[in-house]
Amino acid sequence: MHEPFRALAPTFGVDVPVVVKWALHAQRTRASRDNALAGTCVLALLSGVPLMWPLALIFLPVAVIAAWFIVTWENWQRYHNVLARKMLRDRFDPNQAPIPPTKAERNRLAVVAKRRDGNLVVFSGYSAFIGSGRRLGYQRILLDVSRGTEEDDGTHLQPLPFASHDLHEAIIRAFSRQHGLAATLANIKVHERLFVNGLHVQNDARLLPNPLQPPPTSVGGDLLAAATMHPTPEARTYVCVEMPGWRGQLVVTMFIRAVRAGDSLYIEWAFRVLPPLHSSFFVVDQLHELPAYRQFMSSMRAALRETAPAFVRSPYMALRTYRGAHVGERNWTRQANAIRNGRVFDYGARQSIREIACGTQRGHYFLARDETMYVLLAQQALTRAVEVFLEEKHVSLGEFESQVKVIFDNSIKIDNSPGTVIGDNSSTTTIGREQGDK
């Protein structure tokens with residue numbers, strides 16, 4: 001909400017505006033509690049002035065009881081009125097998310113909502129596939145496409161000309177066919193995306209029309225095709241195959257890139273996975289709606305433990321909330337001045353909220369098996385699409401078939417233990433553990 005110039009990471013399987021609306025609502029509820037407690041705390045301190053000390057005997061007990069009821073209200077609002085009444089599985093409605101009261105917040109959420117359907121990803125740091133989770137596997141093949149298919153009489157056909165973009169289009173068509181992978185996996189999405197490092201967009205008006213605005217969420221098809229035909233060190237076009245499952249608890253994404261360089265064809269594909277959320281997010285499943293009197297009693301008991309620390313910290317928290325309201329404006333001023341004065345600014349996105357919320361366990365045997373199935377089915381669909389394309393272009397398939405055979409012979413060793421990956425070797429597929437993904 002307070003990043004005025006950075007791009008936003010793609011969020012797979014998450015309706016970010018809905019999450020943010022409820023988060024802002026929770027912050028406002030907590031701020032109301034802290035402001036009320038801070039006011040009560042100030043009055044309690046004033047009653048301790050020597051000339052007013054007789055009032056302290058009356059006001060201090062009243063202040064303590066008032067603080068208890070304030071914290072009780074906040075507990076009831078958070079657990080019973082919001083979580084139990086509106087967020088259980090049988091009653092959650094995204095359309096009930098509260099609308100932010102300020103115009104700035106509403107405008108920012110409109111920008112966030114557009115990010116989901118964009119085809120431009122501006123990333124920060126090493127990994128280009130921001131928002132797609134942990135690395136699951138990587139493969140590549142290198143082919144000589146100058147040799148044509150052999151006829152019955154022993155002669156070789158001349159391969160038909162093609163470019164990298166032609167193969168990308170063939171792959172997209174193959175994954176989009178209703179009788180192909182799209183018919184097996186529900187809600188599969190296939191599209192091209194341009195990936196650019198956030199440090200390299202500042203001097204390109206096509207990627208950053210206004211230096212004092214975030215990068216756009218989408219670019220034209222001509223720019224996607226140009227980055228496919230002539231990849232640069234800072235910009236690459238990938239075909240993205242998004243395979244969600246388990247109501248967004250599992251999202252496997254395949255990134256594919258083809259490069260035609262003279263008589264050689266280089267094809268790489270990578271898998272990344274967003275596993276289920278951390279177990280702490282499922283505590284809500286243990287809640288249920290209680291009768292009104294039990295809601296009140298439960299909130300009062302919880303407030304007994306929380307009132308004293310909340311009461312003592314309330315002046316600091318109220319001041320922090322007041323200062324936080326101006327965070328966005330301060331960030332904009334500081335970063336805008338730096339950009340105007342020639343600073344190299346990183347416009348790239350960082351982690352998405354879906355990545356931050358990921359757990360380390362699959363939580364269900366069938367979910368782990370589906371993760372493996374998505375990988376193998378997508379890999380098979382890709383190699384089949386490439387095979388058909390090369391066959392149509394009269395390219396000899398001997399070299400292609402031998403490399404693909406090795407890849408699939410080793411793919412059956414895939415294990416679903418956390419950190420397990422498909423090895424990144426074009427001729428062999430080694431199963432190992434990637435330390436950075438544990």
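**View 1. Ser314, a residue of helix H7 in this predicted model****.** Let's zoom in on one serine. Ser314 belongs to helix H7, which covers residues 292-324. Is Ser314 buried or exposed? Its relative accessibility is 0%, so Ser314 counts as buried, given that the cut-off for buried is under 20%. Leaving aside residues up to four places away in sequence, Ser314 touches Asp34, Leu37, Ala38 and Cys41.

**View 2. Where H1 meets H7****.** Now for the two helices as a pair. The axes of H1 and H7 come within 7 Å and cross at roughly 120 degrees. This crossing is a left-handed one. On the H1 side, the contact is made by Ala31, Arg33, Asp34, Asn35, Leu37, Ala38, Thr40 and Cys41.

View 3. H1 goes past H3 in a right-handed crossing. Who does the touching? From H1 come Val16, Pro17, Val20, Lys21, Leu24 and Arg28, and from H3 come Glu105, Leu109, Val112 and Ala113. That contact splits into seven nonpolar residues, three charged ones and no polar ones.

**View 4. Helix H10 and what follows****.** H10 takes in residues 365-392, which makes 28 residues. How far does H10 reach from its first C-alpha to its last? The answer is 41 Å, close to the 40 Å expected at 1.5 Å a residue. Just after H10 you'll find His394, with a positive phi of about 60 degrees.

**View 5. H10 packed with H11****.** Helix H11 runs over residues 398-411. H10 and H11 pack at an angle of about 175 degrees, and their axes are 12 Å apart. That angle makes H10 roughly antiparallel to H11. H10 makes the contact with Leu376, Gln379, Gln380, Thr383, Val386, Glu387 and Leu390. H11 answers with Phe400, Glu401, Val404, Ile407, Phe408 and Ser411. By class, the residues here are seven nonpolar, four polar and two charged.

Technical notes:
Residues are numbered from 1 along each chain as its sequence is written. This is a predicted model: local features need pLDDT of at least 70, side-chain atom pairs count only at pLDDT 80 or more; totals for chains, interfaces and linings use all residues. Side-chain values use heavy atoms; hydrogens and water are left out. Helices (H or I, at least four residues) and strands (E, at least two) are DSSP runs, numbered from the N terminus. The expected span of a helix is 1.5 Å times one less than its number of residues. A crossing is left-handed if the near helix is turned anticlockwise from the far one by less than a right angle, and right-handed if clockwise. Contact means heavy atoms within 4.5 Å. Ala, Val, Leu, Ile, Met, Phe, Trp, Tyr, Cys and Pro count as nonpolar, Asp, Glu, Lys and Arg as charged, and the others, Gly among them, as polar. Buried means under 20% relative accessible area, exposed over 50%, partly exposed in between (1.4 Å probe, protein chains only). Axes are lines fitted to C-alpha atoms, for helices over the stretch in contact, and angles run from 0 to 180 degrees between N-to-C directions. Angles under 35 degrees count as roughly parallel, over 145 as roughly antiparallel, 65 to 115 as roughly perpendicular and the rest as oblique.
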